[in-house]
Amino acid sequence: MANPGGGTVCNGKLHNHKKQSNGLQSRNCTKNGIVKEAQQNGRTHFYDKLIVESFEEAPLHVMVFTYMGYGIGTLFGYLRDFMRNWGIEKCNAAVERKEQRDFVPLYQDFENFYTRNLYMRIRDNWNRPICSAPGALFDVMERVSDDYNWTFRFTGRVIKDVINMGSYNFLGLAAKYDESMRTIKDVLEVYGTGVASTRHEMGTLDKHKELEDLVAKFLNVEAAMVFGMGFATNSMNIPALVGKGCLILSDELNHTSLVLGARLSGATIRIFKHNNTQSLEKLLRDAVIYGQPRTRRAWKKILILVEGVYSMEGSIVHLPQIIALKKKYKAYLYIDEAHSIGAVGPTGRGVTEFFGLDPHEVDVLMGTFTKSFGAAGGYIAGRKDLVDYLRVHSHSAVYASSMSPPIAEQIIRSLKHLMGMDGTTQGLQRVRQLAKNTRYFRQRLQEMGFIIYGNENSPVVPLLLYMPGKVAAFARHMLEKKIGVVVVGFPATPLAEARARFCVSAAHTREMLDTVLEALDEMGDLLQLKYSRHKKSARPELYDETSFELED
Amino acid sequence: MATATEQWVLVEMVQALYEAPAYHLILEGILILWIIRLLFSKTYKLQERSDLTVKEKEELIEEWQPEPLVPPVPKDHPALNYNIVSGPPSHKIVVNGKECINFASFNFLGLLDNPRVKAAALASLKKYGVGTCGPRGFYGTFDVHLDLEDRLAKFMKTEEAIIYSYGFATIASAIPAYSKRGDIVFVDRAACFAIQKGLQASRSDIKLFKHNDMADLERLLKEQEIEDQKNPRKARVTRRFIVVEGLYMNTGTICPLPELVKLKYKYKARIFLEESLSFGVLGEHGGGVTEHYGINIDDIDLISANMENALASIGGFCCGRSFVIDHQRLSGQGYCFSASLPPLLAAAAIEALNIMEENPGIFAVLKEKCRQIHKALQGISGLKVVGESLSPAFHLQLEESTGSREQDVRLLQEIVDQCMNRSIALTQARYLEKEEKCLPPPSIRVVVTVEQTAEELERAASTIKEVAQAVLL
């Protein structure tokens, strides 16, 4: 049960004046909205760019109560399982077919203990169906359960205009149809939805070509290749890059798709502590010095797998340090920008831009189009030889259907919007609005005394709830207040660190955020969620309205 | 006498002990302990783990040269010069600027550019926009997804269906959701790549049986049964699965499902069936291989198919009994951890299902067309047809290999290119040669769709025949 922070892991301190200098600097970079500028500006000072990241530890009594909560839940689970076994309580779970009762059970009994006895109690907080675009406001379909969440029944009512704090709609580009989406409509009318072939066979459309060129241009790299699913981009391409005799060094909190890809590759996998460069360096040193276990041969190559922004922690990868290590030890770096592309960096070009680094410093830039771009799919970008190699060897290119043309068009549209190719600066404004919203939202939550994880610039904002009982209460109350939140618990997080995860969007207005913050304040008092023991500071001047004004 | 002397010696020793100074005793005590330590410690120390000095370490780090991240790819590699399709890959397709009749895309029912499907997708675009911006668990579940799942379950006459946002990820996620380390999976040698990856992810024991050879499968099942009797404790928790395809992507053949079901009950192994090619193709109503053989669908534990072929959308689904399928909602990695299917694609799939339900005649038409071209392609000298006559995707392989795969591929590519010049778009079946478990021989894949007219089929067959004759003879 690794407590990923292990307390307050900060590369910088939480002092306000430092933050301020930081803010000024990043604004320097955005002045012209050009990446090159950012790079030149950044190169000289990226090392003094502070990473303000906090993982405050919970007070002891909270941890005690949390484990007690799980303990009580588990005890009751056993009791109810016992009663179900003896037929005292009705069992609602689906059962094996009569004809197959003598087969080896499909599930181990303990496998489902957690699902049956704990998850089932609070299941209504997940998979809530919606019936509108996942914009800043969405419509949730009301559903009720007559049997304690075993089944749901739709009432037919729709909870209108719920504030969406859950979707990864960072730039607000997932929205209802409007005139700016005309090109998607046109593409849909010409091409239809499917492709019905793979890239290698008959599925490379001119649209894909156009998209790939544009992605490469956006990221300022030599070439890019796109794939139909973000998850599969990782799991089907990592095996093409490394194999037996290679070493993968993977952050302990990497997304499942990275873990799966690493596993499918057949390479040896070693895990380093979350965002911990000492831990990574130790592994790198040992790997280079001692080579492979048993055979003692040198590793063929070493690949470091990290994410740009971690989706459950809200932390940003310590990229400059990792790049320095990678250079020192001649390892390769693969970075998954699923949550950072479009969302961080002065012009939305991801973590390399955030730190003012040349994107070519990273060997493999991977990202998805699901989040910021409001579409689906993923890309891999980098040097031309890398992309050429993947064109030939990627599992996805040979065996999986290529990307749907209207989806590709949505990405093209979003990219053009961000790059200002649509003749407006709205794209850039979105990125700035997101940064502004993020800092405002995080700052206010901190002031209220919540424990918030992650980097102050990360639009993924985890608010720690700890206790399993509070998870459900929190999510239900918030929905009553017409705010849609995402709560996550074990197994997506460590057992004792259940949390709510907000995704700030450029589409959120200040009023919406204030409504949410007000509700959170109330909820924090009601459910006693304000665990933080940091001194509550008065609002620093930075968050004065004026300091956020855009310099047009 | 001897004993008296010994006794005296002993007494003297004890006396000496009393008289000895303390430091002496301590010294002797230490010596004794030292001897004991030497006795119990290893007689020699391996000097192998002599620690490296910092300087040596630095040198090692300095010296190490990794392989390049990717080996260079020759500039003229065929895969770098994909065919580029301009416009929709429907019946008439523009490949590299030349208009052809499409015999390469899996658009069996011609729904790819169906105006009704497009209209449904457009309506969805207007309502929901494009992306879902989240996995199913976190507000990525739209009413359209629930509708589509319902419709698929009804269409397949099963209790429940679950949709994935990518065809490949469907079976590749479904298998490891159930089969874990230590479980045993019996799988056909010709199984497609997605199945192979699913099996690899599951880390189960994999037993390959000869393609469609039920005797070979039974042999393996029997072997396992004997093994189980030796260790019944282990056998009680070892799940057994048989993984097969309805119509095999790599061979165009159909699986002998009735025999498989018999074996299933005899040896108590569950059947997972991949129906990407047979869904919406086989059976009177397009219900797939179970309908084709008239088998109760509940006898199959899990059916998976993609929605990228017959339905001409994107994504995939699994269906079966709730007892089985529901488990994937928390354990299917490609389901839980991936953004959900864009609603417009789900809406397109629903409309495609509507069309299939309204025109059940379409499946008979498709079958007739398959039969026609299958027959017309027989007897080309140098090329043999591989696959059933009811399969809308089948292969043309070289009758005799030249001995080198590379040469075979080149010959087939020549045929494909020349057909393309004569307006018949074909493609070779592509594989990752080093990754495939059992690499199928090189082949040209011919795909039949309902939109191809009898004349077009005839023309395609005669074109292929003429070109093959010219290239191969």
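Analyst: A disulfide is a pair of cysteine sulfur atoms within 2.5 Å. By that cut-off, a search of the whole structure finds zero disulfides over all chains. One case is A:Cys503, whose nearest cysteine sulfur, in B:Cys133, is 9.3 Å away. Keep in mind that this is a predicted model, where local features need pLDDT of at least 70, side-chain atom pairs count only at pLDDT 80 or more, and totals for chains, interfaces and linings use all residues. Side-chain values use heavy atoms, with hydrogens and water left out.

User: What makes A:Cys503 count as buried?

Analyst: Buried means under 20% relative accessible area, exposed means over 50%, and partly exposed is in between (1.4 Å probe, protein chains only). A:Cys503 has 1% relative accessibility, so it's buried. B:Cys100 is buried too, at 1%.

User: Where does A:Ser414 sit, and which residues does A:Ser414 touch?

Analyst: A:Ser414 is in helix H14 of chain A, residues 405-418. Helices (H or I, at least four residues) and strands (E, at least two) are DSSP runs, numbered from the N terminus. Contact means heavy atoms within 4.5 Å, and A:Ser414 touches A:Leu173 and A:Phe373, leaving out residues up to four places away in sequence.

User: How do you know that A:Ser414 is buried?

Analyst: Its relative accessible area is 1%, so A:Ser414 is called buried.

Notes: Residues are numbered from 1 along each chain as its sequence is written. Chains are lettered from A and ligands numbered from 1 in the order in which they are written.
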